[in-house]
Amino acid sequence: LNDPEAAMNKMPLTDEEKDLLRKGDAKALYERGVHAFLLSFFTRWELFGVTVEKYSASIHQAKDWRKAS
């Protein structure tokens, strides 16, 4: 993506969601219900600085949003 900000602005995202995307916070996004498969695509183009290593470390720390805590 040449302009991730422009892409985000076309989507019905909250400011908090945009901020989490900018930070590449896979853990927080997953915990809010974003599917891990979709999040893994960030690594393909290293969107928002998300590398395979960063994604893997982050997603393994996430709580499963489907289970009650």
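**Close-up 1. Phe42 and Phe48 in the predicted model.** Phe42 is buried at a relative accessible area of 13%, where buried means under 20% relative accessible area, exposed over 50%, and partly exposed in between (1.4 Å probe, protein chains only). Phe48, with a relative accessible area of 25%, is partly exposed. This is a predicted model, in which local features need pLDDT of at least 70 and side-chain atom pairs count only at pLDDT 80 or more, while totals for chains, interfaces and linings use all residues. Residues are numbered from 1 along each chain as its sequence is written, and side-chain values use heavy atoms, with hydrogens and water left out.

**Close-up 2. The aromatic pairs.** Two aromatic pairs are present in the structure. Phe37 and Phe41 form an edge-to-face pair, at 5.1 Å centre to centre and with 85 degrees between the planes. Rings of Phe, Tyr and Trp (its six-membered ring) pair if their centres lie within 6.5 Å; planes under 30 degrees apart count as stacked, over 60 as edge-to-face and the rest as tilted. Phe37 is exposed, at a relative accessible area of 53%, whereas Phe41 is partly exposed, at 32%. The ring centres of Phe42 and Phe48 lie 6.1 Å apart with their planes at 40 degrees, so this pair is tilted.

**Close-up 3. Thr43 in helix 4.** Thr43 belongs to helix 4 (residues 36-45); helices (H or I, at least four residues) and strands (E, at least two) are DSSP runs, numbered from the N terminus. Thr43 counts as buried because its relative accessibility is 16%. Leaving aside neighbours within four places in sequence, Thr43 is in contact with Val50, Thr51, Val52 and Tyr55, contact meaning heavy atoms within 4.5 Å.
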